[in-house]
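Open the model in your viewer and keep the sequence panel beside it. The stops below say what to select next and what is there.

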Amino acid sequence: MVLAVLTSPLCQAGIYKWVDKDGVTHYSDRPAPGATELAIPAAQTYQAPRPQPLVGPTAARVAAPVRSASAACELRSPKPDEVLQNVSSIILSFRGPEGLSPVLMLNNKRYTAERDSNSIKVEPASRGSYEAKLTFVNERNDVVCTAPAVTFHVRQPSIINSPARRKKPG
């Protein structure tokens, strides 16, 4: 952060450095007794070349997913931040474009469903938070549609507090 201040256009008059009587180093754009002027090099910059427009078959393949955008696919359940209580499995339902294969990433583990399917069942359902990311791919495995990610939670009864583990009086 100091370099950003030291190399700003406001500091073109010079940067000075000195150490006070307590041994603390100071930097300023105003000289102080015993200060030395620092030679600060100009900031390094890079001008990226302008991207060239895609042409031919590559352009059509890349542009197609953008046109079919996320309006055509969605994860219907569970809903964002939904809490599923005492479930042994999770059923994720969704909708998407016909003729494509759904791919679900659930906490970075991949699940696939049959083409034109509208749900995936995950068993067993462990307690915890899950992030679901849904995409639809074509036969070449190109992503055609991506739904917004959804985070949901599974709550299970505690084993520690279960009635079977509680000590009976006497």
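## Stop 1: a hairpin

Select strand 1 and strand 2: the two form a hairpin with five residues between them, and G23 in the turn has a positive phi of about 85 degrees. Strand 1 covers residues 15–19 and strand 2 covers residues 25–28; they run antiparallel and are joined by four bridges. Strands here are DSSP runs of E with at least two residues, numbered from the N terminus, and two strands pair if DSSP finds at least two bridges between them. Now pick Y16, which stands opposite S28 in strand 2.

Before moving on, note that this is a predicted model, in which local features need pLDDT of at least 70, side-chain atom pairs count only at pLDDT 80 or more, and totals for chains, interfaces and linings use all residues. Residues are numbered from 1 along each chain as its sequence is written, and side-chain values use heavy atoms, with hydrogens and water left out.

## Stop 2: salt bridges

How many salt bridges does a search of the whole structure find? The search finds four, a salt bridge being a side-chain nitrogen of Lys or Arg within 4 Å of a carboxyl oxygen of Asp or Glu.

Select E74 and R95, which form a salt bridge with their closest N and O atoms 2.8 Å apart. This pair links distant parts of the chain, as E74 lies in strand 4 (residues 74–77) and R95 in strand 6 (residues 90–95), 21 residues apart. E74 is partly exposed, with a relative accessible area of 30%, and R95 is also partly exposed, at 33%. The cut-offs are under 20% relative accessible area for buried and over 50% for exposed, with partly exposed in between (1.4 Å probe, protein chains only).

Next, select E131 and K133, a salt bridge whose closest N and O atoms are 3.7 Å apart. E131 is partly exposed at 34% relative accessibility, and K133 is partly exposed at 39%.

Then select D142 and R140, where the closest N and O atoms of the salt bridge are 3.0 Å apart.

## Stop 3: S101

Select S101 in strand 7 (residues 101–106). With 16% relative accessibility, S101 counts as buried. Show its neighbours: leaving aside residues up to four places away in sequence, S101 touches R115, T135, F136 and V137, where contact means heavy atoms within 4.5 Å.

## Stop 4: backbone in the loops

Most residues other than glycine have a negative phi, and most peptide bonds are trans. The next selections depart from that pattern.

Go to the loop between strand 4 and strand 5 (83–85), where P78 is placed. A cis peptide bond joins S77 and P78, with omega about 0 degrees. D81 is found in the loop between strand 4 and strand 5. D81 has a positive phi of about 60 degrees although it is not a glycine, and at 53% relative accessibility it counts as exposed.

Move to N108, in the loop between strand 7 and strand 8 (109–112). Its phi is positive, about 65 degrees, although N108 is not a glycine. N108 counts as exposed, with 68% relative accessibility.

Finish at P124, in the loop between strand 9 (119–122) and strand 10 (128–137). The peptide bond from E123 to P124 is cis, with omega near -15 degrees.
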